[in-house]
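Please look over the sequence and the structure below before reading on.

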Amino acid sequence: MISKEMYELGSKRSAIRELFEYGKKQAEIVGSENVFDFSIGNPTVPAPECVKEAIIELLQTSKSSEIHGYTSAQGDVHVRKGLAEQMNSTYNTSLGADNFYMTCGAAASLTITLKALVSDSEDEVIIIAPYFPEYKVFIRNAGARIVEVPADTKTFQIDLEKLEEAITPKTKAVIINTPNNPSGVVYSRETIRSISELLKSKSEEYGSTVYLISDEPYREIVYDGVEVPFVPNYYDNTIVCYSYSKSLSLPGERIGYIMVPDSLVNAKEVYAAVNGAGRSLGYVCAPSMFQKVILKCMGKTSDIDLYDANRKLLYEGLTEIGYNCVKPDGAFYLFVEALEENSRNFAEEAKKLNLLIVPADDFGCPGYVRISYCVDPQMIKRSFGAFEKLYNLYG
Ligand code: PLP
């Protein structure tokens, strides 16, 4: 007898992975230049030079145990200190090393944070559509109930009335993600201010803290100077889950952090619980060398301009054909209205033209598709003929 739940999770691929695998097989049949794979969010822009330089320097100048050995469970203290200093100078905060827990990317950050917060099987965690599908897996794993707030399809900000309706005395946390995967929208200052006020008043009304979990792997990936409000500066009970997967193009190195500011109610206990959850899930001592690499690359990012060029090319090209696209201000996804109500069918029609786009049903937002534009710009150019054919099918 094994875990049925884990068996099911492990034997089914996500819709995105399914499409990605299909694309690789299809490329062998029709040639890779004839497959337009917009399925996955794997950064194509190389990691900045500082990553390579840091690795070489570390390998040449450090003792093996310093770069390959265990660090403290919560991460190397010098790394956490450097991180705190960098955040303080960027966001005018007063953080210290013990506000950070280094871990394996945003997925581990979220899993640990949820495990640390959820104390009862009746606890509820709210997610706001469109959302990253894995949130559901992580919330279930922490033993809480999932509560979904539908998308505000007019603005793709947050429908505050619906959010208010969803909050109950059992609400333990709300997860937000801005810049957003899959919509590409950045929540405005107004949105962050309103959600903060709502959570403050609901926490007071119910006499229990509603935590805001801010999932921020795309924090620096924004265009046209759009501001990404720093959520902890608006709401005291915010825990930040960050990853270098996208900002430094290091998804395979599994490095990121959880930030637990002192402004949190019972901050010290929450930080201890984060350490405990990391321990219980086996996420102690994040990859040692990459902790040190990110310390040497503080404040740097991959070349966002390359994504920006793709964004413009795709947005303008598809809008010109006639598609309705959500204006993309951040991340590297374009969110497009499907041309029929059933977005799964629509994506199937696209697949027949070797256009691999993801129906947004699993993101909690049927009727839309996600197009990932961290791809070769030449592929975007080659794909327009297929997008036009798809459009004309519905003409
Ligand atoms: N959260 C969001 C919104 C994401 O898009 C992703 C990855 O695509 C993750 C979390 C997981 O990121 P990581 O690879 O750092 O675990």
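The report covers the overall build, the ligand site and some backbone details.

## Basis

This is a predicted model: local features need pLDDT of at least 70, side-chain atom pairs count only at pLDDT 80 or more, and totals for chains, interfaces and linings use all residues. Residues are numbered from 1 along each chain as its sequence is written, and side-chain values use heavy atoms, with hydrogens and water left out.

## Overall build

The protein chain contains 14 helices and 12 strands. Helices (H or I, at least four residues) and strands (E, at least two) are DSSP runs, numbered from the N terminus.

The radius of gyration of the protein chain is 21 Å; a compact globule of 395 residues would come near 21 Å, so the two agree. That radius is taken over C-alpha atoms, and the globule rule is 2.2 Å times the number of residues to the power 0.38. Along the principal axes, the C-alpha atoms fill a box of roughly 60 × 55 × 55 Å.

## The ligand site

The ligand is surrounded by 14 residues. The closest are Asp215, Tyr218, Ser243, Ser245 and Arg254. The shell splits into 6 nonpolar, 5 polar and 3 charged residues. Ala, Val, Leu, Ile, Met, Phe, Trp, Tyr, Cys and Pro count as nonpolar, Asp, Glu, Lys and Arg as charged, and the others, Gly among them, as polar. Helix 6 (residues 105–117) gives the most to this shell, with 3 residues.

Which distances separate polar side-chain atoms from ligand oxygen atoms? For Ser243 the distance is 2.6 Å. For Tyr218 it is 2.7 Å, and for Ser245 it is 2.7 Å. Taken alone, the ligand exposes 390 Å², and the protein buries 90% of that (Shrake-Rupley method, 1.4 Å probe).

## Backbone details

Two cis peptide bonds involve prolines. One runs from Thr178 to Pro179, with omega near -10°. Another runs from Asn181 to Pro182, with omega near 25°. Where do these prolines sit? Pro179 is in the loop between strand 5 (171–177) and helix 9 (189–206). Pro182 is also in the loop between strand 5 and helix 9.

Phe156 is not a glycine, yet its phi is positive, at about 60°. Phe156 lies in the loop between strand 4 (145–149) and helix 8 (160–166).

Conventions: Near = heavy atom within 4 Å. Polar contact = N/O pair within 3.5 Å; in protein donor to acceptor, adjacent residues only side chain to side chain.
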